[in-house]
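Here's a quick tour of a helical packing problem, written up for someone who likes to know the cut-offs. Have a look at the model first, then read on.

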Amino acid sequence: NHLLYENKTYKQQLIKYTQEALKKLSADCQKILVAVYVYKIPMKELAIELGLASGDVAKMKKLRCYKSWIKKTKSLMQ
């Protein structure tokens, strides 16, 4: 029971930090990450919506935003 509580608490904290980190990203990064991870929008469609050259460009932009998101989340956890 104790381990379940600790695990639940850790997950709740992780969600909190992840949300805080997302809010600290640029509006474009927020839009990209939410579109990809929440709404599951394909890269080609995302590229069209954002006026990017191709799905590959959208993918690279998503990767940069994702790395920044992870970095900010980790810094908040310390």
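## Confidence and packing

The chain as a whole averages 94, and 97% of the residues score at least 70.

This is a predicted model, so local features need pLDDT of at least 70 and side-chain atom pairs 80 or more, while totals for chains, interfaces and linings use all residues. Residues are numbered from 1 along each chain, and side-chain values use heavy atoms, leaving out hydrogens and water.

Now for the α3/α4 pair. Helix α3 (residues 43-50) packs on α4 at about 90°, with the axes 7 Å apart, which makes the two roughly perpendicular (65 to 115 degrees). Here's who meets whom, with contact meaning heavy atoms within 4.5 Å:

| Helix | Residues in the contact |
|---|---|
| α3 | Met43, Lys44, Leu46, Ala47 |
| α4 | Gly55, Ala58, Lys59, Lys62 |

Also in α4 is Asp56, which is exposed at 60% relative accessible area (exposed means over 50%, with a 1.4 Å probe, protein chains only). Asp56 and Val36 sit 20 residues apart in sequence and 14 Å apart in space, C-alpha to C-alpha.

Leu25, for its part, touches Gln30, Leu33, Cys65, Ser68, Trp69 and Lys72, not counting residues up to four places away in sequence.

Conventions: pLDDT is the predictor's confidence in each residue, from 0 to 100. Axes are lines fitted to C-alpha atoms, for helices over the stretch in contact, and angles run from 0 to 180 degrees between N-to-C directions. Helices (H or I, at least four residues) and strands (E, at least two) are DSSP runs, numbered from the N terminus. Angles under 35 degrees count as roughly parallel, over 145 as roughly antiparallel, 65 to 115 as roughly perpendicular and the rest as oblique. Buried means under 20% relative accessible area, exposed over 50%, partly exposed in between (1.4 Å probe, protein chains only).
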